[in-house]
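The paragraphs below go through one structure step by step.

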Amino acid sequence: MAAFDLEEQEQIATLKAWWEKWGNLLTIGAVVLAVAVVGWRGWEYYRNKQSGEASVIYASLMQAVEAKDAQKIREASGIIAERFGSTAYADLSALLAAEAQAAAGDRASAKTKLEWAAEKGNDPLTRDLARLRLAAVLLDEKAYDAALKQLAVKPNKAFAVRYADLRGDVLVAQGKPADALTAYKEALDGLGSEQGSQAFKSVLELKIDALGGGK
């Protein structure tokens with residue numbers, strides 16, 4: 001082997017010194033990166049597996065809803081909430097089960113599902129919709145303060161009009177026409193020109209007129 005010349009020896013010495021200073025850190029960094037990559041891939045696999053399993057149970061939930069099988073609705077939605085609560089299917093199943101249970105007159109179970117979705121729903125829009133539906137159930141139960149508490153949370157813009165309208169209904173039921181009028185006008189002011197909004201506008205105007213707030 002040819003002997004290294006002076007310049008090459010200096011380069012080797014410099015490299016050895018650099019490696020002695022930084023080698024361990026680079027090795028640790030490489031190991032951390034490798035672990036992170038493996039961990040991420042493991043998490044992706046786990047999440048996809050969870051989603052796949054949840055989709056199967058959600059399909060059975062939809063069948064139970066179609067068949068109006070109250071027991072299977074409770075079982076399927078309960079499994080999804082307990083075992084797959086971090087998936088989108090948990091949000092969907094809570095809302096679907098609550099709707100079916102409310103239609104069947106099982107208000108207590110519907111409330112439980114809506115409370116779960118309002119507090120633990122993965123998507124902010126799910127939580128907003130759950131609070132809106134829960135407030136409607138509470139209004140029917142004459143639990144006015146509890147209903148207003150649900151509607152006190154500022155929702156996504158997509159639900160703002162509905163929140164204000166329902167808040168007006170609760171306030172009317174409480175015997176607070178002035179506050180209800182304010183809520184209805186807020187809803188009317190926030191109503192856009194989208195298709196179908198004209199019918200809702202007419203309803204709001206009727207409510208406002210009934211409270212003596214018409215122009």
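A crossing is called left-handed if the near helix is turned anticlockwise from the far one by less than a right angle, and right-handed if clockwise. Helices (H or I, at least four residues) and strands (E, at least two) are DSSP runs, numbered from the N terminus. The model is predicted: local features need pLDDT of at least 70, side-chain atom pairs count only at pLDDT 80 or more, and totals for chains, interfaces and linings use all residues. Residues are numbered from 1 along each chain as its sequence is written, and side-chain values use heavy atoms, with hydrogens and water left out.

The protein has nine helices and zero strands, in the order α-α-α-α-α-α-α-α-α along the sequence. Of its 215 residues, 32% are buried, where buried means under 20% relative accessible area, exposed over 50% and partly exposed in between (1.4 Å probe, protein chains only). Contact means heavy atoms within 4.5 Å. Among contacts between residues at least 6 apart in sequence, 49% join residues at least 24 apart.

Two packed helices are described by the angle between their axes and the distance between the axes. Axes are lines fitted to C-alpha atoms, for helices over the stretch in contact, and angles run from 0 to 180 degrees between N-to-C directions. Helix H2 (residues 70–83) packs against helix H3 (residues 88–103) at about 155°, with the axes 9 Å apart. H2 and H3 are therefore roughly antiparallel; the cut-offs are under 35 degrees for roughly parallel, over 145 for roughly antiparallel, 65 to 115 for roughly perpendicular, and oblique for the rest. Their crossing is left-handed. H2 contributes Ile73, Arg74, Ser77 and Ile80 to the contact, and H3 contributes Tyr89, Ala90, Ser93, Ala97, Ala100 and Gln101.

Tyr89 also belongs to the one aromatic pair found in a search of the whole structure. Its ring and that of Tyr58 have their centres 5.6 Å apart and their planes at 50°, so the pair is tilted (centres within 6.5 Å; planes under 30 degrees apart are stacked, over 60 edge-to-face, the rest tilted; for Trp the six-membered ring is used). Tyr58 lies in helix H1 (residues 6–67) and Tyr89 in H3, so the pair ties together parts 31 residues apart in sequence. Tyr58 is buried, at 13% relative accessible area, whereas Tyr89 is partly exposed, at 24%.

Leu211 sits in the segment after helix H9 (197–210). Leu211 is partly exposed, at 29% relative accessible area. Beyond its neighbours within four places in sequence, Leu211 contacts Val172, Pro177, Ala180, Leu181 and Tyr184.
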